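Dear colleague,

I am passing on the structure we talked about, together with a written account of what turned up when I went through it.

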Amino acid sequence: MSVLAGSAFALFATMPISSRPRTPPNLISRRRLLCGMATTAVCAPGLAPTAAGAASPLVFDAATKKAFAAFTAGDYSRAEHEWREVSTAFPNEPLVWINFGTCLVILASDEMTLGVKPEGRAAERLHEALSAFDAAERLGSSDALLLNSRGNALGLLQQWGEARAAYEASAAASPRDFESIPRSNAALVSFELGELQAAERAASQIIRRDPRFVDADALLAAVRWKQGDVGGAVRAFERLCQEPLFCERYATADVVLGRWTPKAVDAYRQLLKEPGIKLALKDGGAGLR
């Protein structure tokens, strides 16, 4: 079973991005995203071992029941322990390694200060997560969702070049309703590396291909502001504010904190201080009153 077919596994999304629900996936906190993307994976009904000669589905389901329950309850330390046990019992199951890696990334993100290169246990967890993802890939899982997750683990380690390569590979392998996620992540890495023109081109391309992916409007505004194009930044932000709900959500940097790269977050904070942005927020927010 491929990851794409069997689960919804992505660091920065938990549902199709083109549907633009009232509470869009690109507004959910890092922790909820990390949790939500794996909840579908580990709780999907009908999971069955895929390796030749593996135990029956009933045996596999029984072995993973505790891991499912711990994850659903939000006990990620316990879930990590349980998936570690399951990976020993079922080392040829890619979904097991994916879920194990997911738990490790969640715990690592809780143990580190975002924007600061992780050390100690957080770094150890992230490296172990990458090893888990490698194991899943060796067993045949190499689709867009797994590649995006690898990129995020590398991004938390601030291995930006490798993270971008993983995001670009994910985008190349992505179905149309997922590709904006890794494309946006790759653009954020370009921002972090100071490649602002590349980040602007990428954000603009996302908007053209997926005009309902509102995070790209915010990113485009931030990267234009960083380049000194205040007028262009305001125009991009005004587009975001055409819908009052999104205008309200993007009124503070909290919406990007923990999801965007450190330099992009800092630029967004500064962007929000611009008089033209404040006016756009005031006008856009009027639609909610």
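Which residues in helix 9 meet which residues in helix 11? From helix 9 they are Ser184, Ala187, Leu188 and Phe191, and on the side of helix 11 they meet Asp215, Leu219, Ala222, Val223 and Lys226. Please bear in mind here, and throughout, that this is a predicted model.

As to the geometry of that packing, the axes of helix 9, which spans residues 180–192, and of helix 11, which spans residues 214–226, come within 11 Å and cross at roughly 15°. Because an angle under 35 degrees counts as roughly parallel, helix 9 and helix 11 are described as roughly parallel to each other, and the crossing in which helix 9 passes helix 11 is left-handed.

For the overall picture, the protein has 15 helices and 0 strands, and of its 289 residues 54% count as buried. Taking the contacts between residues at least 6 apart in sequence, 64% of them join residues at least 24 apart. The accessible surface amounts to about 12300 Å², and 52% of that belongs to carbon and sulfur atoms.

I then turned to the aromatic rings, of which the structure holds 5 pairs. One of these pairs is formed by phenylalanine 60 and phenylalanine 90, which are arranged edge-to-face, at 5.0 Å centre to centre and with 90° between the planes. Phenylalanine 60 lies in helix 3 (residues 57–72), whereas phenylalanine 90 lies in the loop between helix 4 (76–89) and helix 5 (94–111), so the pair ties together parts that are 30 residues apart in sequence. Phenylalanine 60 and phenylalanine 90 are both buried.

Another aromatic pair joins phenylalanine 68 and tryptophan 83, and this one is tilted, with 5.8 Å centre to centre and 55° between the planes. Here phenylalanine 68 belongs to helix 3 and tryptophan 83 to helix 4, so that, at 15 residues apart, the pair links distant parts of the chain.

Glutamate 119 sits in the loop between helix 5 and helix 6 (120–138), and its relative accessible area of 68% makes it exposed. Glutamate 119 and alanine 108, which are 11 residues apart in sequence, are 9.8 Å apart in space, C-alpha to C-alpha. Glutamine 158, in the loop between helix 7 (144–156) and helix 8 (160–173), has a positive phi of about 60° although it is not a glycine. At 27% relative accessibility, glutamine 158 counts as partly exposed.

Methods:
Residues are numbered from 1 along each chain as its sequence is written. This is a predicted model: local features need pLDDT of at least 70, side-chain atom pairs count only at pLDDT 80 or more; totals for chains, interfaces and linings use all residues. Side-chain values use heavy atoms; hydrogens and water are left out. Helices (H or I, at least four residues) and strands (E, at least two) are DSSP runs, numbered from the N terminus. Buried means under 20% relative accessible area, exposed over 50%, partly exposed in between (1.4 Å probe, protein chains only). Contact means heavy atoms within 4.5 Å. Accessible areas come from the Shrake-Rupley method with a 1.4 Å probe; for residues, only the protein chains shown count as cover. Rings of Phe, Tyr and Trp (its six-membered ring) pair if their centres lie within 6.5 Å; planes under 30 degrees apart count as stacked, over 60 as edge-to-face and the rest as tilted. Axes are lines fitted to C-alpha atoms, for helices over the stretch in contact, and angles run from 0 to 180 degrees between N-to-C directions. Angles under 35 degrees count as roughly parallel, over 145 as roughly antiparallel, 65 to 115 as roughly perpendicular and the rest as oblique. A crossing is left-handed if the near helix is turned anticlockwise from the far one by less than a right angle, and right-handed if clockwise.
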